[in-house]
Amino acid sequence: MKKLFILALTCMLALTMVACGGNGGNDTPDTNTVKSVTLATDTDLISMDTSLATDGTSFIALTLCMAGLAELDANGTPMPDLATWTVSEDGLNYEFKIREDAKWSNGTPVTAYDFEYSWNRLINPDTAADYAFLIETCYITEFKAVDAATFQVTMSQPCDFFLALCAFPSLFPLNQEYVESQGDQYALSVDNMIYCGPYVMTEWNQNDHYSFAKNADFYNAAASEMEEITFRYIQGQSAVLEYESGNIDFVKLTSELIDTYSSNEGFNKKLAGYLWYLSLYQPVEELANENVRAAIFYAIDRETIADKVLKDGSVAAEGIVPVGFAFHNGVDYRETQGKVCEFNLDLAKEYYAKGAAELGHDVTLELLYEDSDVSKNVAAYIQKCLQDAGFTITMKCEPKKTRLSDMQNGDYQVALHRWGPDYADPQTYIDLFTTNASNNYGKYHSEEYDATVWEAEFGASAANSDARWNLMLEAEKILLGDYAVVPVYQNGETNLINPKLSGIEFHAGGVDNYRHMKLAK
């Protein structure tokens, strides 16, 4: 989005499974299911603070133990969760009624004041939340608790994806009394949190695992089949061996393991909505040079990265907005726009020569990437691509949390970065690169780009779906015409999934739902 949402998912565990929907309110125990499940994750959990979390791994954890006004169903449609709602005919006024049986895990009721406090905390500059932009993105002019049971939201213009965003963790409620009693320790451990979702967090051991137990006091507890859910931070061959031993029910395969396990009963390959790209920090002298950026843009062999390095169902990026993600009048955004980036090594060499001549020296850059096996493999091939074009590339590998911190602080040159969509609209990507966007880590600035995006979102064209869509297309052309970022690939995933495991709902826009997992005996 405009500045982030996430997801990087990074969405770590995207599974295509049919939602079981729990027991449908029937409290009769299901004796044919196992009550605990363990899943491998290739990125460690970063934050359990709904106001501060920015990555897919954290969002998935938060949706297990927290809840919002809405929940996305298996098809990505927003359904009532902690509230029901009514909408005015003009689409500008929403009134949410909080469930009478919604409560926090410390026994206090969930109220409209908890949403008012959470949203105010999100947009408070002192919080420094990357997702503060969500309120503006939804055109919200006012939100308030009328009383304990009634939460009202007013907008300057209709927002089709607002209810879907009500299922996003950044807009979940927070209990003010509890949060403020914990001070700067809030959400740093299981001893500093309370929950309003179907699970409670029972363990959080950094760099190892984190676990959840069923919340018997959740209003819809009967719909949650699993009594215990554990995520283990383990990847590669080690994770596969644990899967084969029956100790893990899900594992993401790295490229070198895909062919070996392609005939396994649990083999599953899918295309996700995440977009990996190179973020270029333009305050760096070399990256302020357009010819240098163009050389990077054309040097990346995206097809080889997707088909030979990853081999996991990923596809070469055609632009900054993924394929099969956003549609207008039934037509895919990418089909309308076409391919806006390409591999051309000869052209990359030409641009490199021009850039080096303008700078008066050869160009050496540092490539920052995270320490997952997938990122290591992709980064190594990107280094080769850039060196083939004439660059000297040094490498810097860090844990994801550190990488994100360095990017936020401007302590990098070129970074391999991922964005996970918060909702199924191109705006979630186009928003990222406006001048003041919190996720515009590369400090790209274009008055033309800013004006185009502003007109699409807030100008006279915002209420005209055709005009708005065309402006989003134009904005992408401006962004990539300036070589501001370098799209690399759209994330695919190849997993080994216990054939008896079902019920995880994958969402192309938003956070995957792990509440309804079911593991047959």
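This is a predicted model: local features need pLDDT of at least 70, side-chain atom pairs count only at pLDDT 80 or more; totals for chains, interfaces and linings use all residues.
Residues are numbered from 1 along each chain as its sequence is written, and side-chain values use heavy atoms, with hydrogens and water left out.

**View A. A buried salt bridge joins R515 and E71**. A salt bridge here is a side-chain nitrogen of Lys or Arg within 4 Å of a carboxyl oxygen of Asp or Glu, and by this rule the count comes to 15. For R515 and E71 the N to O distance is 3.4 Å. R515 sits in the loop between β21 (501-502) and β22 (518-520) and E71 in strand β3 (residues 70-72), so the pair ties together parts 444 residues apart in sequence. Helices (H or I, at least four residues) and strands (E, at least two) are DSSP runs, numbered from the N terminus. Both partners are buried, where buried means under 20% relative accessible area, exposed over 50%, and partly exposed in between (1.4 Å probe, protein chains only). D81 joins E71 and R515 in a network of salt bridges.

View B. K311 is partly exposed, at 27% relative accessible area, whereas D259 is exposed, at 54%.

**View C. E476 and R334 pair between two helices**. Their side chains form a salt bridge at 2.9 Å, N to O. Since E476 belongs to helix α16 (residues 465-481) and R334 to helix α10 (residues 333-337), the pair ties together parts 142 residues apart in sequence. Both residues are buried.

**View D. Helix α1 (residues 56-65) is largely enclosed by the rest of the structure**. Here 10 of the 10 residues are buried, including F59, I60 and L62. Among the elements that cover them are β2 (36-41), β9 (199-205), β10 (209-214) and β11 (228-233); contact means heavy atoms within 4.5 Å. At the start of α1, a side-chain oxygen of D55 comes to within 3.3 Å of the backbone nitrogen of T57.

**View E. N289 caps the N-terminal end of helix α8**. A side-chain oxygen of N289 lies 2.9 Å from the backbone nitrogen of N291. Helix α8 (residues 290-299) is mostly covered, with nine of its 10 residues buried; among them are R293, F297 and Y298.

**View F. N175 lies in the loop between α4 (162-165) and α5 (176-182)**. N175 is buried, with a relative accessible area of 10%. Its side chain reaches the backbone nitrogen of E177 at 3.3 Å. Not counting residues up to four places away in sequence, N175 touches W104, T108, D114, Y117 and I194.

Notes
A polar contact is a pair of N or O atoms within 3.5 Å; within protein, one must be able to donate a hydrogen and the other to accept it, and residues adjacent in sequence count only if both atoms are side-chain atoms.
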